[in-house]
Structures are given as structure tokens and as C-alpha cells.
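This note is meant for a colleague who is meeting the structure for the first time. Please read the numbered points beside the sequence and the model.

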Amino acid sequence: MPDDGFHVFDTTLRDGAQREGITLTVADKIAIARLLDAYGVGFIEGGWPGANPKDTEFFERASRELALKHARLTAFGATRRPGVRAADDPQVAALRDSGAPVVTLVAKSDGRHVERALRTTGEENLAMIADTVAHLRAHGQRVFVDCEHFFDGHLYDPGYATAVVRTAAEAGADVVVLCDTNGGMLPERIGRIVAEVRAATGARVGIHAQDDSGCAVANTLAAVDAGATHVQCTANGYGERVGNADLFSVVAALALKHGRDVLPAGCLAETTRVSQAIAELVNIAPATHQPYVGVSAFAHKAGLHASAIKVDPDLYQHIDPALVGNDMRMLVSDMAGRASVELKAKELGVDLGGDRELLGRVVDRVKRMEQDGYSFEAADASLELLLRAELGRPARYFTAESWRVITERRADGGGITEATVKLDVGGDRVIATAEGNGPVNALDRALRAAAEGAHPALSGFELTDYKVRILEGASGTDAITRILITFGDGRGEWTTVGVGENVIDASWIALEQAFTYGLLRGERPEG
Ligand SMILES: CC(=O)SCCNC(=O)CCNC(=O)[C@H](O)C(C)(C)COP(=O)(O)OP(=O)(O)OC[C@H]1O[C@@H](n2cnc3c(N)ncnc32)[C@H](O)[C@@H]1OP(=O)(O)O
Ligand SMILES: CC(=O)C(=O)O
């Protein structure tokens, strides 16, 4: 269990929810809080009680429903309004009565904001901070103070910004968090100011970095290097405008590069799973290129990289992906060499026996096909069929003699699409015709009708994705079309690629391969 000497503070449910496109229900918040708690963060900022009914309800339900194992629930809100006592300010009362053992208070620390946004004096702002901290402390709550616009404020008037930190600490704030609210700072300046503030005040200092200059993670780590012992982050970097410091990058860097025990034992390996689960809950597709957790974070495409990775994966990876629950992936494309193909074949469970001549043939074929418009990066199933064919062991459950599609449109707007396929299935010539709502649907049905008798597993295959990409767009309707088709069978999914001068040709190739590959994988033992 990480000790209280270093805080991983998550604000996904508060600052993360300020991202455009995220709208969380109370149930979403509870589910995310459970994931973060199991992941082992020290604090979960749940929202701003009193600011909206949802956040108020979250805190009511959290006290009853969330039995947090690692994290302490934290309520966020502002210092009292100017000219009122903290005890008489209804929004301070909402924080006090939220049931949260910890409160994070946002306070102004930039003189310009005090004068122009709060419309009060520097002195009154200091009194607002001191009163509010003392009031909540007197009610037994632990208090952190988020100094909004701290770094800009420090550049404008270092004396006043430092006085804010000193006031908060002297009033009983446990941690004074220096915020790069506008996100424009760079790491060197963050490190220097954090060190100066610590030396001047002796306060325990935290960091909250927005990502507007693309430096939130670097700024967080620079602050830690300069002595900050509390890091505020959000899952996948969600947050206001472009976002916050990504929790997963920060935690992985602290654990794996700084050697700090920031999570309970065993939790770091859950990083990728937790990142993806939260992405699902907020309904934003996981960022494929996110450091540490993205599906491409350890995907290797260049042939030279693969040839070194074959000797030792560490030669082209900054960490072992398993440490954060991710996997290395090999991509085969026109940038591949023999080593890429060899490693990819291993990943797919196809033994090429280290045959250099065979590997060279596969590389040449892939490169030629990619030149013609194919892309194997996202179509492992097509690549595996190609490897098997080159090995002289093609997967073949049926052979197409011909296919035909007719689409009829009537003047009244009605119409029909009909496909006929002629197959050789185990030596029998089978002809089947089917109707569909479009050419691909009709071909899909006709193919099943022809082959299902011999291969009943086909009935369990379901099309889950169909992507069309027009290549060489300049040639208009003469363009080449690339189709990626994904099928599933309840146990998993697979993707095939087809290329052709028309969309139906390309779709047929991808469809035929998808059915073939589905039957092939059905022969393998579960898992
Ligand atoms: C940097 C950050 O991301 S901080 C997080 C900010 N999060 C949010 O704003 C989301 C939730 N906010 C809300 O629901 C609303 O803004 C509320 C309920 C908090 C306030 O709503 P309203 O009372 O209608 O005020 P409004 O939003 O227009 O303005 C904010 C007020 O808070 C005051 N204020 C701003 N910062 C502070 C502070 N640190 N201490 C005290 N008061 C503050 C402003 O001066 C302004 O006062 P005014 O109403 O006298 O002009
Ligand atoms: C507190 C906060 O979210 C900020 O200053 O950016």
C-alpha cells in the first residue's frame, strides 16, 4: 500500500468531466470510481456538490454505495464568496455536508484574477482562503487547496502567489496544489517555480497541469522532480479544453522510471484494462496512440525495428509492455522485412521454420499487394491466409467458380438486389441465389446458402464492421477501392481486406476470406 507521503489524486469525475463530449450519469461516476479505487489511486475527486443535482446525488450515493478500499473520496468547490463568513456560504456548506472526508478548494492565486474575476482585494482573497480552510478543518475534513493560475500568477506577482500558498498552509491545508490552469507552461519553468515555492513556504506542494502546450505529463514529472508530492491527473488525460495530465502516463512513469511505489502491488499491470474500461464508460473510443496503454503503443512497423526486436524486444521498447498490461504487436506492411514477417507469423501461430527464402517471398508478395492498394496492418486474418498459401498449406473450404450481383431500382423507389454464387464445396458444384438490402448483404447470404450445408459454423458468423476506402481519389469513379470487413463469432473477431476496381469486387474478396478464416479459426481449440 503506497504511504501518504505521495498522493496520486484522480480528478476524472470532476476535471475529466469538463471535457467537451463527456456527460456522465451518476451510475457512470460510481462505476468509474470503483475502477479507480481498484486501480489503487489515493484520492478520487467526485465532483462539486451543490453545483448541480447530479454531483450532489453522487456524493449522497457514494457514502452509501462506494466501499472504497484504497481511495479517499474528495469533494471539490470554491472558497467562500467575498464578504460572507465561510459558515454562512451555502456552497461551502455543501462541501462540509457532502460526506467526503477530503475537500479540494479552488482558490485564486493570480492577482489579476482576484481583481478582475473575483472583483475583490488581495487581502480579502487571502481571508476567504484562510476562513474556508479553517471552517472545513474545524469540521474534521482534510483540505487541499488548488491554487488556480498559480504559475501565471507567480510570473505576474511572485510575492502575492507565494502569500496565497503560505496562507493556505498556515490555515491547515494539507497540500497546496499549484495549478497550470491555462496549460501554457513548459517543464523547466514549472520545476523552478515549484522549488522556489517550497523553499519560501515549507508547504507540502502538489501539481495540477492542464495540457494546452502538450506538456501536462512532462510538467507533472518536472514538479515531482522539484519536490511536489501530490499529482492531480485524469484517466486518459480527459479534461477541460485539450485535457489534463494523463493518469496512466504519470503513474507508469513514476512507477517504472522513478521507482516510486505509487500503486498497491499488482495494480500497475491493470493499467491498460482500466484505461480502456473508463474509455468505454465515458463513450470515447480509446486513443490508439496513447502512451503505455494505446493499442499502437508497442506496435512495430519498420523492418529494421523488427530485425532488432527479434534479438531482444528491449532494443526498440522503452519498457516491457506487460508491465502495464499491454502487448507488443508486429505490423506487416510495405515497410516490413523478413524479421517482421517471421515475428508476425509467430504471433499468429504459423510456423515458417525460419525459411529465409519463404520469408523473402512473403515480404515481396506483401509489398506488391500493398503497392496495388492492400493494407495488411489491420487485416491479420488476410495475412494469415496469405502465409498459409505461401507455405503450400492454403485454407480452402470452398472454391468460387463465379458470382453475380444484380440490383434493380424501380421508378416507384422500390427495388431489390439479388446475388448468385457458384461454388465448389468439397467436390460438389453448388449454386445458390439470395436477395439482400444491398450487394454485400446479398453476396453474404448467397455464400452462406451455398456453403452452410457443408459448413454449418457459417451460421454463427456475423458482420460487425465494414469500411470502404477509396484509393487514388483523383481518378474519380475509376478509383481503386479497399474494403476492410470484420466478422465475429461470439468468441472473437477477425478482419480481412479486399481490393478491387469496384466496391463489389473488393467486398467479395474480403467476404470470401472472412468466411474462410472464420472456418479455419473454428478448428482451433477455444482460447
Ligand atoms: C479551473 C477550474 O477548472 S475550476 C472548476 C470549475 N468548475 C465549474 O465551474 C463547474 C461547476 N460550476 C457551476 O456549476 C457554476 O459555475 C457554479 C454553481 C459553481 C457557480 O454558478 P453561479 O453562481 O451561477 O456563478 P458563475 O458560474 O456565473 O460565476 C462563478 C462565480 O464564482 C466566483 N468565484 C470564482 N472563483 C472563486 C473562488 N476561488 N472563490 C470564490 N468564488 C469564486 C466568481 O467570481 C463568480 O462570482 P459572481 O457570481 O459573483 O460573479
Ligand atoms: C483546479 C483546476 O482544475 C485548474 O486550475 O485547472
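**Notes on the predicted model**

1. Strand β1 (residues 7-10) is covered on both faces: His7 and Phe9 on one side, and Val8 and Asp10 on the other, are all buried. Here a residue is buried if 20 or more other C-beta atoms lie within 10 Å of its own, exposed if 12 or fewer, and partly exposed in between, with C-beta atoms placed from the backbone. Strands (E, at least two residues) and helices (H or I, at least four) are DSSP runs, numbered from the N terminus.

2. The model is a predicted one, in which local features need pLDDT of at least 70 and side-chain atom pairs count only at pLDDT 80 or more, while totals for chains, interfaces and linings use all residues. Residues are numbered from 1 along each chain as its sequence is written, and chains are lettered from A and ligands numbered from 1 in the order in which they are written.

3. β1 has two partner strands to consider. Four bridges join β1 to the parallel strand β8 (residues 230-233), with valine 8 opposite valine 231. With strand β2 (residues 43-47), β1 pairs in the parallel sense over two bridges, and phenylalanine 9 stands opposite phenylalanine 43. Strands are said to pair if DSSP finds at least two bridges between them.

4. These strands belong to a closed barrel of eight, β1-β2-β3-β4-β5-β6-β7-β8, with parallel pairing. From one strand to the next the twist averages 25 degrees; axes are lines fitted to C-alpha atoms, for helices over the stretch in contact, and angles run from 0 to 180 degrees between N-to-C directions.

5. Which residues are around ligand 2? They are Asp15, Val106, Asp146, Glu148, Cys179, Thr181, His208 and Gln210, where a residue is near a molecule if its C-beta atom, placed from the backbone, lies within 6 Å of it. This shell divides into two nonpolar, three polar and three charged residues. Ala, Val, Leu, Ile, Met, Phe, Trp, Tyr, Cys and Pro count as nonpolar, Asp, Glu, Lys and Arg as charged, and the others, Gly among them, as polar.

6. Helix α13 (residues 338-348) is mostly covered, with eight of its 11 residues buried. Among the buried residues are Arg338, Glu342 and Lys344. Their cover includes α12 (303-311), β10 (329-330), α14 (356-371) and α15 (380-390); contact requires C-beta atoms, placed from the backbone, within 7 Å. After α13 comes glycine 349, with a positive phi near 80 degrees.

7. An open sheet of three strands has the order β14-β15-β16 and antiparallel pairing. Because β14 (462-471) and β16 (493-500) stand at the edges, each with a single partner strand, one side of each is left without a neighbour in the sheet. Neighbouring strands are turned by 15 degrees against each other on average, direction ignored. Helix α17 (residues 503-522) packs on this sheet, touching β14, β15 and β16, and its direction makes about 150 degrees with that of β16.

8. For the chain overall, the domain assignment (bounds from an automatic or database assignment) gives domain 1 (7-282), domain 2 (299-371) and domain 3 (399-522). The protein chain has 17 helices and 16 strands, and 43% of its 527 residues count as buried.

Key: Two residues are in contact if their C-beta atoms, placed from the backbone, lie within 7 Å.
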